[in-house]
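The sequence and structure are shown below.

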Amino acid sequence: MEENVYNSDTQQAISEQLESLTQGLANDDAAQEEQQEEHYQPPFLRDEHSEDPNETYKDAQQTLEDVAQSDDQQVVAAPNLPNISITPTPTPPIPAAVNTDVKSSQLPPLPVPKDRKESLEMQIQKDERDVDSWLDLISYLDSQGRNLVGDELESWWTEYTRVYDNFFKIWPCAVKQWQNYIDKCLSLTPPRMKKVEEIFSKALKQTPSPEFWSSYLNYIRRNNQGAEGRQIVIKAYEFAISHVGQDKDSGEIWLGYIRFLKDGSATNTWEEQQRMDALRRTYQRAVVIPIQNLEAIWREWDSFEGSLNKVTAKKFLADKSPAYMTARSALREIRSLTDPPISLFHIDGTLAKVPSWTERERQVISAWKRYLAWEEGNPLELDDNSAKHSRVSYAYKKALVYMRFYPEFWYRAYMSHKSMGKDEEAISLLKQGSEANPESYLLSFALAEVEEINHRYKEAHDILNNLLTSIINQTKEIENGILRQQAELNNQLPSIEQQANASQAAGENEGEVREKRRLAEDEINTKKEAISKAKAKDIEDLCKGAGLVWVMKMRLGRRTEGIKAARAVFKEARSSPYCTWQVFEAGAMMEYHSSKDSSVATKIFELGLKRFTTEIDYVIKYLDFLININDEGNARALFERIAPSLPADKARPLWTRWASYEYFYSDLPSALKLEQRLADTFPDEQPLRRFAERHTHQRIDKIATNDLGYGVKPPTAPMKIVEATAASAATKRPPVDLEEERNKRMRKDPPSGRNSRQTSQQGLPQPPHRNTPVPNVQIGGAPIHLGGGRPAPVAMMPPRPAAKDPVGIFLQQLPQARYFDGPMINTEDILFAFRHINLPPV
């Protein structure tokens with residue numbers, strides 16, 4: 001038996017606590033009330049079937065007596081914590097996420113679909129964002145609605161509208177589906193015109209699609225004729241331009257509006273002037289927006305103004321010319337950001353899909369971020385903040401059509417609108433994002449904080465409760481799926497038994513029959529275990545998510561209502577089978593920092609330890625807490641209780657943590673004894689490693705670096721300074737002068753050497769030749785060339801092959817493009833200036 005180095009301390013502590021417990025039981029009623037008040041257990045720690053306090057103390061006394069009779073238990077008493085068990089106690093199993101013994105009769109029966117429609121609806125009920133099932137259901141209803149009349153048509157139409165309404169709750173910006181819905185309304189006999197107008201009123205403001213808005217404008221123009229109808233159409237165009245006029249693809253709407261204004265007739269000069277002014281204003285608004293047919297609109301405007309007055313035309317065009325050029329440059333940038341290979345505005349149709357985080361999706365995410373950052377950078381150099389904010393808002397609206405199920409983009413839109421000062425729109429975006437992504441931690445936590453800041457505490461709790469409900473429902477759905485698969489395997493057991501009986505009745509060897517049945521049953525059990533393991537990681541992640549939400553609820557309750565509200569949340573959490581150890585750790589630390597009472601925090605840690613004994617991270621957190629409050633006795637007891645009960649490889653972090661404490665605060669004999677225990681527990685580890693760990697502090701391990709050579713690069717070979725300089729001079733070429741190189745080429749192949757020589761003799765500065773060294777100044781090891789007016793590179797590119805034609809010879813004589821460091825001139829700007837230059841009349 002190993003020597004018990006703490007035996008004397010243990011005996012003394014046990015005797016003291018036994019004496020105090022005996023005195024506590026012998027006190028009168030008043031003394032008992034005082035004792036209960038001293039060790040008061042908060043309501044959130046009480047179980048529904050709490051034991052009598054006297055029975056608790058009797059159990060503790062019996063435990064201490066058992067410790068006193070044992071010689072080989074290296075534990076210490078906890079005199080200041082009467083409710084802490086200091087002996088190794090059997091740990092109750094963690095509530096299993098999936099009970100593999102559940103029979104199929106205990107599961108809710110799955111309904112059997114009667115037809116294709118019910119089958120698709122069952123799939124949608126299982127996953128409401130299943131794009132294929134929704135589209136198949138709509139297509140199926142389309143096929144069923146043909147050639148129907150009377151009551152059958154009305155019954156079908158009611159079901160058809162119900163499905164579409166539910167569909168648009170998930171994809172409110174599905175342009176193609178909105179258009180198909182409208183077309184179906186118009187194709188019926190009689191057409192459902194009222195429904196069409198209802199669809200437009202719902203869809204237009206939340207659908208940033210120029211194509212869909214063009215459909216709306218065509219509908220308005222068909223149904224509004226005459227003078228009164230003309231004003232309605234103009235208002236419709238203005239309404240469309242105010243919503244999608246900034247879109248890159250809205251050029252056709254602008255052109256349609258301009259042509260509609262041109263087609264108008266005037267009965268007098270005043271009306272004609274009003275029409276011309278309206279056209280001019282429309283042109284001026286369009287030519288400063290980066291739209292696809294920007295240049296065509298500019299040319300139309302130029303022609304329009306020129307037909308009226310060439311003098312005023314130049315003035316009007318000159319006023320808008322800088323903004324037009326900026327818009328043209330911005331259009332080129334937009335095309336580079338949104339066109340193929342990653343076409344942002346045409347990704348897999350218009351239906352957003354749940355992210356699967358493929359490489360392609362990550363590229364699309366990065367492309368959208370680049371585009372949004374470009375829009376936020378004010379590329380059009382707008383001075384009007386409202387116009388700038390309008391472009392940014394539209395860009396995010398466009399992005400959220402395709403990235404609807406990516407919470408990050410909702411949060412980015414919220415932060416962007418908040419920075420603009422549009423708080424109401426920002427909060428509205430958060431709410432829409434939470435509705436679209438009910439399982440999003442990012443959006444739920446952000447929205448809960450917004451509600452808390454605005455003192456709407458109930459709404460903040462409801463948001464977190466909805467998130468928690470969504471997580472738990474996902475977990476239960478996975479569990480039920482596992483149970484159903486396992487139940488299907490269990491249903492095969494009777495057939496195995498029947499086959500075994502039939503084989504035995506046929507005269508087969510009883511041993512062989514029994515072996516076949518055993519192998520078949522083992523195969524089923526193996527499949528059942530594989531099914532559980534396949535989903536174990538998913539269930540674990542969801543449970544961690546639920547634990548995180550409970551912790552956030554505890555924080556929210558403590559901030560808004562005090563520690564009692566946090567206790568109520570903790571009581572709710574610990575009663576759930578999906579509770580994790582992080583909830584107990586958070587509750588314990590919250591109690592300690594709120595009430596400054598370590599006893600309550602320790603009780604919570606102990607309560608969690610009964611459930612999470614095998615969670616080594618939780619045990620280390622508990623150990624850290626006891627060490628931090630300087631409770632060495634209970635820290636040592638915790639270590640001695642847990643470390644020997646776990647497998648050595650799993651308990652290694654716990655041994656490491658306790659060893660660091662012993663090495664720092666204990667005496668050397670105790671540290672050496674612990675090191676010997678480490679050697680016995682981990683015989684494969686090198687003694688040098690344990691010794692180095694004992695002499696390490698704050699990750700400073702000089703034994704590893706200085707004495708063992710870990711992480712040290714081998715030294716380079718020494719070189720004398722003179723030799724290094726000579727070698728450098730021999731291998732490195734001097735700075736090259738570009739003018740000298742050019743003249744060298746001209747001397748080798750001089751098509752006009754005489755002219756060149758004459759030019760060089762006309763008093764111009766001569767370039768230095770190879771036999772005339774160019775002065776250099778060396779600062780910090782980098783040579784600076786003083787001869788050619790521009791720094792020369794250290795090495796030239798390989799010589800180009802000699803050309804025979806004059807143009808090729810001339811091009812060879814020019815410096816390479818990489819040597820040019822002058823201003824970059826936009827050739828399109830020069831051509832534009834030439835086209836619009838005002839030449840004096842001849």
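Is cysteine 173 buried or exposed? The model is a predicted one, and in it cysteine 173 counts as buried, because its relative accessibility is 14% and the cut-off for buried is under 20%.

Cysteine 543 is likewise buried, since its relative accessible area of 13% falls under the 20% limit. For tyrosine 710 the relative accessibility is 56%, so this residue counts as exposed, the cut-off for that class being over 50%.

| Residue | Relative accessibility | Class |
|---|---|---|
| Cysteine 173 | 14% | buried |
| Cysteine 543 | 13% | buried |
| Tyrosine 710 | 56% | exposed |

The count of disulfides is zero. Cysteine 543 takes part in no disulfide: the nearest cysteine sulfur belongs to cysteine 579 and lies 9.4 Å away, whereas a disulfide requires two cysteine sulfur atoms within 2.5 Å.

Tyrosine 710 sits in the loop between α31 (702–707) and α32 (721–731). Together with Leu688, Phe691 and Leu708, Tyr710 makes a nonpolar surface patch of about 400 Å².

The largest pocket holds about 1,700 Å³ of space. Its lining comprises 37 residues, of which Lys126, Asp127, Gln474, Glu477 and Ile478 are the closest to the centre. Two or more lining residues come from each of α4 (116–126), α20 (457–490) and α22 (510–561). The greatest contribution to this lining is that of α20, with 10 residues.

Definitions and conventions
Residues are numbered from 1 along each chain as its sequence is written. This is a predicted model: local features need pLDDT of at least 70, side-chain atom pairs count only at pLDDT 80 or more; totals for chains, interfaces and linings use all residues. Side-chain values use heavy atoms; hydrogens and water are left out. Buried means under 20% relative accessible area, exposed over 50%, partly exposed in between (1.4 Å probe, protein chains only). Patches are made of residues with over 30% relative accessible area and no salt bridge: like charges are joined within 9 Å, nonpolar side chains (Val, Leu, Ile, Met, Phe, Trp, Tyr) within 5 Å. Accessible areas come from the Shrake-Rupley method with a 1.4 Å probe; for residues, only the protein chains shown count as cover. A salt bridge is a side-chain nitrogen of Lys or Arg within 4 Å of a carboxyl oxygen of Asp or Glu. Helices (H or I, at least four residues) and strands (E, at least two) are DSSP runs, numbered from the N terminus. On a 1 Å grid over the protein atoms alone, a cavity is a set of points where a 1.4 Å probe fits but cannot get out, and a pocket is an open set with protein on both sides within 12 Å along at least five of seven lines; lining residues have an atom within 4 Å of a point. Grid points are joined across faces, edges and corners, and a volume is the space filled by probe spheres set on the points.
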